[in-house]
Every structure is written in C-alpha cells, then in structure tokens.
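Trainee: I'm new to this one, could you walk me through it?
Mentor: Gladly, let's bring it up and take it piece by piece.

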Amino acid sequence: MDEMETRALHEKIAELIENKNIKELKELLRSSNPIDIAEAIEGLDAKEILLTYRLLPKEAAADLFVAVDSEFQEILVKGFSDTELRTVMDEIYIDEAVDLVEEMPANIVARILKNTDAETRKSINTLLLYPEDSAGSIMTPEYVNLRAQMTVGEAFARIRRDGVDKETVYTCYVTEARRLVGVVSVRSLLLSDYDTHISDIMHTNYVSVETTDDKEFVAAQIQKYGYLAIPVTDKEGCLVGIVTIDDAMDVMEDEATEDIEKMAAILPSEKPYMKTGVVATWLKRIPWLLLLMVSATFTSRIINSFEQALYACVALTAFIPMIMDTGGNAGGQSSVTIIRGLSLGDITLRDIFRILWKELRVAALCGATIAPVTFLKVMFVDGMFREPDGIAVAIVVSLTLFITIIVAKLIGCSLPLLAKSLKFDPAVMASPFITTIVDALSLLLYFAVAQRLLDI
C-alpha cells in the first residue's frame with residue numbers, strides 16, 4: 001500500500017469512528033491487511049487506536065500489535081484488560097515478546113510478565129540475558145524439531161500437532177539428545193513417501209551459528225545461503241533456537257541506518273526521525289560537529305603559517321576551496337566504497353594490498369583526468385591567462401589536485417580498513433572524518449608545490 005492509499009485508509013477509519021459506524025468500520029478492518037492498518041492508525045488518539053484493535057479478529061489483532069511501533073504498543077497495553085493482554089502474549093512469538101519487553105517502561109513490563117505463563121516468562125528472561133548484538137538476542141526458541149528415525153508420516157503428524165505455535169514450519173530441525181544433526185525442509189517431506197525415514201532425506205551439511213555470534217553476521221549468513229531461517233546452537237552444539245528471515249531483515253535495516261548515520265557524523269538513534277525530539281536530535285548531532293570543528297583548527301593554522309606565501313601570490317587563495325573540496329570528495333568516494341564492501345563481506349582485511357593497489361591506479365586515472373581540465377578552467381574560466389604568472393599558478397593548482405586525489409583516495413580506503421583491524425566500526429571513518437584529514441593534507445601539498453614552482 002502506497003502513501004496515498006494509507007492516507008485514504010486513515011481518513012476512512014477516522015470518518016467511520018467519528019460517525020460511530022462500527023459495523024462498516026469492522027468490515028473495513030477485516031478486509032484490510034493488519035500491516036496496512038498499523039500504518040493507517042498513526043495520528044488517531046488512544047481511544048480510537050484501542051477501538052480499531054478490538055474490532056479485529058484475534059490473529060489479525062496480534063499481527064497489528066506486532067507491526068505498530070513501541071509508542072502505539074504502549075498505548076494498547078495501557079488500555080488492555082488483563083484478559084486482552086494475556087491473549088496478545090499467547091498469540092505473539094517469543095522473540096516479539098522480548099522486543100516488546102525491551103521497549104516498554106518498567107511498570108508496563110511488570111504487567112506484561114504478570115500476564116504470561118511461567119514457560120513464556122522463562123523463555124523471555126533467558127533471551128534477555130544474551131548480549132544485545134548477539135544471535136541469542138534475536139533468536140526464537142519456537143521451532144519444529146524432528147528425530148532422525150521418524151518417518152515422513154510421523155513428521156507430518158508432529159508438524160500438525162506442534163507447528164501451530166511455531167514461528168516457522170517450512171524448515172524443520174533434526175535433533176538427537178538436543179544436539180542438531182540435520183535439517184529438512186517441508187518441500188523434501190512433501191516430495192517423499194510417507195514411510196521414508198527422516199535420516200534419508202535430511203541435510204547434514206547445514207550452516208548454523210552460535211548464540212554469541214554477532215547478529216549482523218547472522219543476517220549476512222541468511223542472505224548468503226538464501227535461508228528462511230538459520231539454526232542457533234550453543235557451544236556444545238545443542239540447538240537452542242532459530243533466527244528467521246524477518247528478524248534478519250530488521251537487523252540489516254538497522255545496521256544500514258546506523259552506518260548511514262555514522263557516515264554522516266551523527267550518533268546512531270534507535271527511533272525514527274519523526275519520533276525523535278528536537279533536543280534528542282541535537283544531542284545526536286552536536287558531538288561530531290564539535291569534534292570536526294575543533295579538528296578543522298589544523299586547517300586554519302596551516303593557512304596562517306603560509307600567510308607570507310599567500311601575500312606573495314594572492315591568486316593562490318581563490319583555489320583553496322576547490323582543492324579541499326575535490327580532495328574531500330575523492331577520499332569520501334573511496335571510504336564509502338570500502339565501508340560498504342566491509343559491511344557486505346565483499347572485502348576483508350586480507351585484501352588490503354590489493355585494495356591499495358587498485359585505488360592507487362583509480363586515483364591516478366582520476367587525477368590525470370581532472371588535472372588538465374583544471375588547468376584549462378584556471379586559465380580561461382578563472383581568467384589567469386591575463387596574469388603574468390597565470391600559467392605557473394594553473395600548473396600548481398593542477399599538479400596539487402593530481403597529488404591530492406591520489407593521497408585522498410589512499411587515505412579514504414585505508415582508514416576504514418584500519419578501523420576494522422582495531423575492532424572499531426569502519427563507518428566512523430567516513431566522509432566527514434576523512435574530509436577533515438584530507439583538507440589539512442591538501443593544503444600542505446598545495447603550499448609545498450607552490451613554494452617549489454612559484455619560488456615564494
């Protein structure tokens with residue numbers, strides 16, 4: 001559903017509520033997707049949101065509850081009776097319950113846990129103990145497990161009996177004494193005879209992850225192998241849960257957002273832009289701005305130290321912004337490419353020398369293209385052909401740009417790799433940070449070349 005359709009659904013829901021046309025509203029909600037309804041109810045007040053929720057069938061209501069953000073979930077939980085809350089907690093999966101508990105205030109959490117059964121409470125508390133960025137924190141213990149000696153017919157009976165409460169039944173996991181020994185898909189079961197043993201059709205060359213693995217690595221494994229879910233084991237190889245593709249997609253979205261924010265010199269935020277207050281947004285942005293502003297002091301000091309050279313050839317001043325901007329852009333291109341490659345796993349630290357050699361050649365080609373164009377620009381667009389030392393200035397600017405581009409691209413590709421080797425997030429070494437370094441180096445190169453060629 002696009003934005004216009006969502007707005008139309010919102011207006012229709014609001015109109016029916018205002019007119020107290022409950023029958024038509026109920027029909028509209030039952031014919032709409034819960035995910036679309038979750039988007040459409042934004043802007044309604046608490047009573048209207050609760051009414052919308054209560055008019056939905058049980059399963060659709062649970063889907064709506066999971067789809068809305070934490071702000072709306074809190075509104076719903078506060079308005080729920082204990083019976084309604086118990087119904088919701090029975091309908092949603094354990095990993096979704098964990099997400100809910102993590103987002104809610106302490107008093108809401110206490111009420112949620114009070115209205116869950118002992119087994120669910122135990123599972124929630126177990127998952128909450130895993131580190132925030134680990135596979136254990138995003139897995140669900142709700143999966144279908146089979147035995148190797150079972151027949152396909154027995155496996156189907158198990159799936160029909162237990163599958164209704166599991167997050168996925170499309171992939172089943174074969175265990176012996178809790179240890180994972182194989183994986184079998186429902187497709188394989190459907191295409192096999194009922195008397196075939198699971199051991200004859202299961203895959204033993206499966207890929208699994210451990211509870212302590214980074215969740216970004218887990219998402220990358222799911223993407224790499226095209227899985228709908230990946231098994232999670234403990235250090236002894238016992239199956240403790242699975243991570244499903246929807247959770248992997250959430251991780252990838254969160255990580256991409258975090259990288260983009262870091263690359264733009266913003267501290268990562270857990271809330272969407274429109275849900276983040278002005279003060280919170282200011283607090284996320286100001287630290288990097290202050291740091292970059294202070295680091296830019298080096299640039300002003302370099303300019304001050306070459307003040308005499310600028311007096312001797314005032315024309316040099318006009319080209320400082322162009323040289324700094326070009327160097328910053330060149331470094332930014334390389335850094336973003338390398339950061340993205342590291343995130344996707346296309347690049348590893350072992351590739352550092354190949355990367356440096358490649359970026360050196362690319363930089364040389366870019367510099368060789370820009371230098372002559374810059375020479376013509378300085379001479380004819382900027383009018384230096386009229387000046388006595390115009391040709392010399394044009395050569396200085398062009399040669400400086402050539403060298404600056406090479407230096408900038410080598411710095412842009414090496415700093416993210418250095419950050420990765422030091423266990424830092426490579427996204428920190430993105431455009432703003434690299435631009436500050438390249439600005440200082442480009443000025444040093446500029447004045448060094450000018451002193452040599454112009455004798456100032």
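Trainee: Which helix does Met89 lie in?
Mentor: Met89 belongs to helix α7, residues 82–91, where helices (H or I, at least four residues) and strands (E, at least two) are DSSP runs numbered from the N terminus. Keep in mind that this is a predicted model, in which local features need pLDDT of at least 70 and side-chain atom pairs count only at pLDDT 80 or more, while totals for chains, interfaces and linings use all residues. Residues are numbered from 1 along each chain as its sequence is written, and side-chain values use heavy atoms, with hydrogens and water left out.

Trainee: And is Met89 buried or exposed?
Mentor: Met89 is buried, with a relative accessible area of 5%; buried means under 20% relative accessible area, exposed over 50%, and partly exposed in between, with a 1.4 Å probe and protein chains only.

Trainee: How far is the C-alpha atom of Met89 from that of Leu113?
Mentor: Those C-alpha atoms are separated by 9.2 Å, and the two residues are 24 residues apart along the chain.

Trainee: Switching to strands, how many residues of β5 are buried?
Mentor: Five of the five residues of β5 (229–233) are buried, so this strand is largely enclosed by the rest of the structure. Both of its faces are covered, with Ala229, Pro231 and Thr233 on one side and Ile230 and Val232 on the other.

Trainee: Which strands are joined to β5 by bridges?
Mentor: Strand β4 (residues 209–210) runs parallel to β5 and is joined to it by two bridges, and two strands count as paired if DSSP finds at least two bridges between them. Strand β6 (residues 239–244) runs antiparallel to β5, with five bridges, and there Ala229 stands opposite Thr244. β5 and β6 form a hairpin with five residues between them, and Gly237 in the turn has a positive phi of about 85°.

Trainee: What about the open sheet, what order do its strands have?
Mentor: The order is β1-β2-β3, three strands with mixed pairing. β1 (145–146) and β3 (179–185) stand at the edges with a single partner strand each, so one side of each is left without a neighbour in the sheet. β2 (residues 171–176) pairs with β3 in the antiparallel sense over six bridges, and Cys172 stands opposite Val184 in β3.

Trainee: One last thing, where does Glu132 lie?
Mentor: Glu132 is in the loop between α10 (118–128) and α11 (135–138), and at 59% relative accessibility Glu132 counts as exposed.
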